[in-house]
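I opened the model to look up a sheet, a chain contact and some charged pairs. My entries follow in the order in which I made them.

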Amino acid sequence: MRVYLDHAATTRVFDEVAQEVMKLFTQFYGNASSTHSHGYEARRFYEEARTKIAKHLNVEPDEIYFTSGGTESDNIAIRGFLRANFPNGGHIITTQIEHPAVLEVAKQLEKEGYEVTYLKPTEEGYVTPDDFRKAIRKNTVLASIMWVNNETGVIQPIDEISKIAREHGIVLHSDAVQAIGKIRIDARLVDMLSASGHKFYAPKGCGFLYVSKGIRIEPIMYGGGHEKGLRSGTENVPGAHGMAVALELIEKNYEAWSERVKKLKEKIVNAIECIPDHHINGSNTIFSHINVSFKGVHGESLATALDMCGISVSTASACASHHAKGRSHVLEAMELEDWIVDGAIRISLGYDNSEEEIDYFVEILQREVTRLRSMS
Amino acid sequence: MYSEKFKQLFMYPRYCKDIEYTHTAEVIYPEHGDRVRIFLKIENYIVKDVAFKALGCPRVIAASEAVCRLVDGKHIDDVKHLNEEHVRDEMDFHDKNFTCVNAPIEALKKAIAKVE
């Protein structure tokens, strides 16, 4: 049996989405910027997608900009905002647990003269509104705080941080790549928000950025002036349409699907509870994520053993000196013990997992933890 | 990513067992979270039995099993000549970026250094 439990990495495109996207590849393939009927019909799909996505986020359609995914959205939001408003420097607040798409941008900005504060999470994996407030300086111009952490699944206190940012007139961006399609969010809490289609059952290579009206932002790359000049490049109509269809499907089935995933997670957590000496990493986690470590078992070995039994999970840590990834910067920031950092695996469920798959997974998990422990 | 040969070593090790040993040594790579101990039962300069315990990445476990398979029954002089290439061939794993396969080799060398 093959079981996919790495939905935080990417998801399988819904069949309905794939069929819809195929229609755009083969029937409505016009360039959305062309001024003929082929172009107009493609444009109609594109703008309808924008409207549907805006509705999902509780924002206006002209506040949605299509991009190639999360990394591009994060870069445009952060760099584009600074370039337009504070080209000569300023203070930025972010967290130690951001995705590299934000962290690496922040590091680059430091080299360019900006000051950056990286908020430290608690050992439960979230940053506190109090720490956010304390980090604010007179010259703080931007904050970028992720909505849900990709490794632990911990939901960050965006609503409280939003209030504080508003009190101080600080523009707030959020990388919501792991939140969209999983939890209901009100994008109005932030000024800019990044999302990636392939994390919510749409194709890879598409995403969007929400930018609240009134926020001035400049492009970071130049070309034909698409997306009101913010993101040049031929419109990815199939991608935009695929994202809209995927979000519609999730919205329509959300209660039933999310309840089912919650029960599957409960089943896994109950099975983990039967294994002694484990540590579940993070609290207040999203219903689809479990990040767990087992004492006496290396995370990469457990993930590999599961893979050899047909089960795909992920591990954040790999041999430090030989691998680009190294140890998990998220778990290290949480100051967890070494065995927890080295032992962690991430199990991320999706709407398409079955109970039968989870039964198989927990059986193999218990067996492989026991086997690997006996070797140490 | 890994070959069938590697999978056999990692998933079905024969030498992860308890033995009555005469020599043993441990090597730790703290930065990787890897720890390997090799146990040897040596009689008249012959490896009569060998075993390992390992906590670490898949490559460390597979390399430990490979080392044991390569030295079981061998004369100590032959064991001394065991090197990384032999182990990588036995594992069918040749990515030189991963140096962690050396951990069990180092443990073996430490253990046989005590043989008089």
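Entry 1, terms and conventions. I count two strands as paired if DSSP finds at least two bridges between them. Helices (H or I, at least four residues) and strands (E, at least two) are DSSP runs, numbered from the N terminus. This is a predicted model, in which local features need pLDDT of at least 70 and side-chain atom pairs count only at pLDDT 80 or more, while totals for chains, interfaces and linings use all residues. Residues are numbered from 1 along each chain as its sequence is written, chains are lettered from A and ligands numbered from 1 in the order in which they are written, and side-chain values use heavy atoms, with hydrogens and water left out.

Entry 2, the sheet. I looked up the pairing of β1(B) with strand β2 (residues 34-43) of chain B and found it antiparallel over 7 bridges. V27(B) stands opposite V36(B) in β2(B). In chain B I read an open sheet of 3 strands, in the order β1-β2-β3, with antiparallel pairing. Its edge strands are β1 (23-29) and β3 (46-55) of chain B, each pairing on one side only.

I took contact as heavy atoms within 4.5 Å. Axes are lines fitted to C-alpha atoms, for helices over the stretch in contact, and angles run from 0 to 180 degrees between N-to-C directions. Helix α2 (residues 58-71) of chain B lies across β2 and β3 of chain B, at about 175 degrees to β3(B). Helix α5 (residues 102-112) of chain B packs on the sheet and touches β1 and β2 of chain B, its direction making about 145 degrees with that of β1(B).

How many residues does the contact take from chain B and from chain A? I noted 25 residues from chain B and 21 residues from chain A. The buried area (accessible area, 1.4 Å probe, that two parts lose on being put together, summed over both) between chain B and chain A is about 1800 Å², with 64% given by carbon and sulfur atoms. F10(B), M11(B) and H32(B) supply 28% of the area that chain B buries against chain A, more than any other three residues.

I used a side-chain nitrogen of Lys or Arg within 4 Å of a carboxyl oxygen of Asp or Glu as the rule. Across the interface of chain B and chain A this rule finds 1 salt bridge. R59(B) pairs in a salt bridge with E300(A), with the closest N and O atoms 2.8 Å apart.
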